[in-house]
Amino acid sequence: MSTTLGAPAPDQAAYMLRAAASAAGRGYKQELLDLLDVQPGQTVLDVGCGPGTDLPTLAERVGGRGTVDRAKIDRVLRHVTDPAVVLEQLRLATRRGARIGLAEPDWDTLVVDAEDLGTSRAFTRYTTSEVVRHATIGRSLARCAERAGFVTVICSG
Ligand SMILES: C[S@@+](CC[C@H](N)C(=O)[O-])C[C@H]1O[C@@H](n2cnc3c(N)ncnc32)[C@H](O)[C@@H]1O
């Protein structure tokens with residue numbers, strides 16, 4: 001069985017569904033989906049959709065059929081080998097003027113409460129250097145998107 005820091009790894013799909021159902025998860029997802037401004041008839045791409053958490057909402061907003069006018073990547077770029085390549089491919093896959101939404105935490109801001117500060121900081125250091133591949137992609141999303149040829153309209157968080 002795979003482990004995380006010695007503990008059994010949780011079921012990934014169940015974890016993603018639970019995180020999305022939390023108050024924080026619902027809040028940022030609602031903001032992200034609203035910013036996408038999905039219209040009936042459009043086609044929406046959800047890159048790395050996991051268990052498909054957001055697909056029912058997107059399907060409801062899209063209704064029928066369309067071209068790729070909207071796309072979102074929610075907490076996936078931190079995993080991939082090269083986020084720049086993924087964004088470049090996304091630009092090629094979407095129509096000119098398409099709206100995209102990117103969401104990533106910045107793991108350098110992870111703070112846990114431990115009795116001694118050294119342990120707390122070591123945990124953050126370990127997570128950012130050993131656990132998460134692109135731990136600081138969150139702060140760079142606008143820059144990465146612009147480098148791939150997108151125009152940044154709104155930066156939030
Ligand atoms: C934190 S989950 C987010 C899932 C979904 N976007 C959501 O908001 O519920 C990360 C997702 O990234 C996907 N993923 C990880 N590495 C990937 C890769 N190299 N290419 C495509 N997807 C990847 C995983 O399969 C997983 O579904």
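**Exercises on a predicted model**

The shell around the ligand comprises five nonpolar, four polar and three charged residues. The model is predicted: local features need pLDDT of at least 70, side-chain atom pairs count only at pLDDT 80 or more, and totals for chains, interfaces and linings use all residues. Numbering starts from 1 along each chain as its sequence is written.

**Exercise 1.** State which residues are around the ligand.

*Solution.* A residue is near a molecule if its C-beta atom, placed from the backbone, lies within 6 Å of it. The residues are Met16, Ala20, Gly48, Cys49, Gly50, Thr53, Asp54, Asp74, Arg75, Val76, His79 and Val80. Ala, Val, Leu, Ile, Met, Phe, Trp, Tyr, Cys and Pro count as nonpolar, Asp, Glu, Lys and Arg as charged, and the others, Gly among them, as polar.

**Exercise 2.** Determine whether Asp54 is buried, exposed or partly exposed.

*Solution.* Asp54 lies in the loop between β3 (43-47) and α3 (55-62); helices (H or I, at least four residues) and strands (E, at least two) are DSSP runs, numbered from the N terminus. Buried requires 20 or more other C-beta atoms, placed from the backbone, within 10 Å of the residue's own, exposed 12 or fewer, and partly exposed falls in between. Asp54 has 19 other C-beta atoms within 10 Å and is therefore partly exposed.
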